[in-house]
Amino acid sequence: MVDPQPVLVLNGPNLGRLGRRQPEVYGRRTHDDIAESLVRRGEELGLSVDVRQTDSEAYMISWLHEAADQELPVIINPAAWSHYNIAIADAVAQCTADVYEVHLSNIHAREEFRRHSVVSPYVNGVLVGLGTDGYELALAVIAWRRQRSEGQVHQLRPPVSPVDDPASSD
Ligand code: DQA
């Protein structure tokens, strides 16, 4: 059995108020509820999911540095920071494992200022307008890519013929 892959899910400002915050836009589920189901979904997918939320830019940057230093995959909803925060974008750019950007709402169908993300150029993929399914789909992609890369490692291993195989030398 392979060890679970640690994954950070990082949520930015105002997302701690999900459930109470404009439910017609962001849904009725609370952050705690979403976090709990992402942890459970991760367990099913062989991922150890750590969900964090902050309204503080300094915390978010330190978590992204942690992901960069430990080469951890990240799913990030930078919330309003997406649209203007170059320090968050610079921290995302340092991550070497996959990073997926999630927005619960379809930012392209909303106000003009939400249609551009300064973070998007530095991520592997963006999931927009799918509600909390966006996080689950990003987890599924991380798990699927991990399995596929492990499969490729096996395929790339040089074939051992029975003649070369020390185990069959007697
Ligand atoms: C959001 C969209 C942002 O424009 C907004 O500032 C948020 C949430 C989303 O998940 O749809 O806080 O990132």
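Which residues have the most contacts inside the largest nonpolar core? Select Val-7, Val-9, Val-74, Ile-75, Val-92 and Leu-139. That core has 37 residues. A nonpolar core here is a set of buried Ala, Val, Leu, Ile, Met, Phe, Trp, Tyr and Cys residues joined through C-beta atoms within 7 Å. Buried means 20 or more other C-beta atoms within 10 Å of the residue's own; 12 or fewer is exposed, and in between is partly exposed, with C-beta atoms placed from the backbone.

Before moving on, note the ground rules. The model is predicted: local features need pLDDT of at least 70, side-chain atom pairs count only at pLDDT 80 or more, and totals for chains, interfaces and linings use all residues. Residues are numbered from 1 along each chain as its sequence is written.

**Whole chain.** Colour by secondary structure. There are five helices and five strands, in the order β-α-α-β-α-β-α-β-β-α from the N terminus. Helices (H or I, at least four residues) and strands (E, at least two) are DSSP runs, numbered from the N terminus. Of the 170 residues, 31% count as buried.

Elements supplying at least two core residues each include strand 1 (5-11), strand 3 (74-77) and helix 5 (133-156). Helix 5 gives the largest share, five residues. Now pick Ile-75. Beyond its neighbours within four places in sequence, Ile-75 is in contact with Val-7, Val-9, Tyr-100, Val-102, Tyr-135, Ala-138 and Leu-139. Contact means C-beta atoms, placed from the backbone, within 7 Å.

**Strands 1 and 2.** Show both. They run parallel, joined by seven bridges; strands pair if DSSP finds at least two bridges between them. Gln-5 stands opposite Leu-47 in strand 2. Along strand 2 the side chains alternate. Leu-47, Val-49, Val-51 and Gln-53 point to one face and are buried.

**Ligand shell.** Select Asn-14, Asn-77, Ala-79, Ala-80, Ser-82, His-103, Leu-104, Ser-105, Ile-107 and Arg-114, the residues around the ligand. Each has its C-beta atom, placed from the backbone, within 6 Å of the ligand. The shell divides into four nonpolar, five polar and one charged. Ala, Val, Leu, Ile, Met, Phe, Trp, Tyr, Cys and Pro count as nonpolar, Asp, Glu, Lys and Arg as charged, and the others, Gly among them, as polar.

**Last stop: Asn-124.** Find it in the loop between strand 4 and strand 5 (125-128). Why does Asn-124 count as partly exposed? Because it has 16 C-beta neighbours inside 10 Å. Asn-124 touches Asp-98, Val-99 and Tyr-100, leaving out residues up to four places away in sequence. The C-alpha atoms of Asn-124 and Asp-98 are separated by 6.0 Å, with the two residues 26 apart along the chain.

Methods: Two residues are in contact if their C-beta atoms, placed from the backbone, lie within 7 Å.
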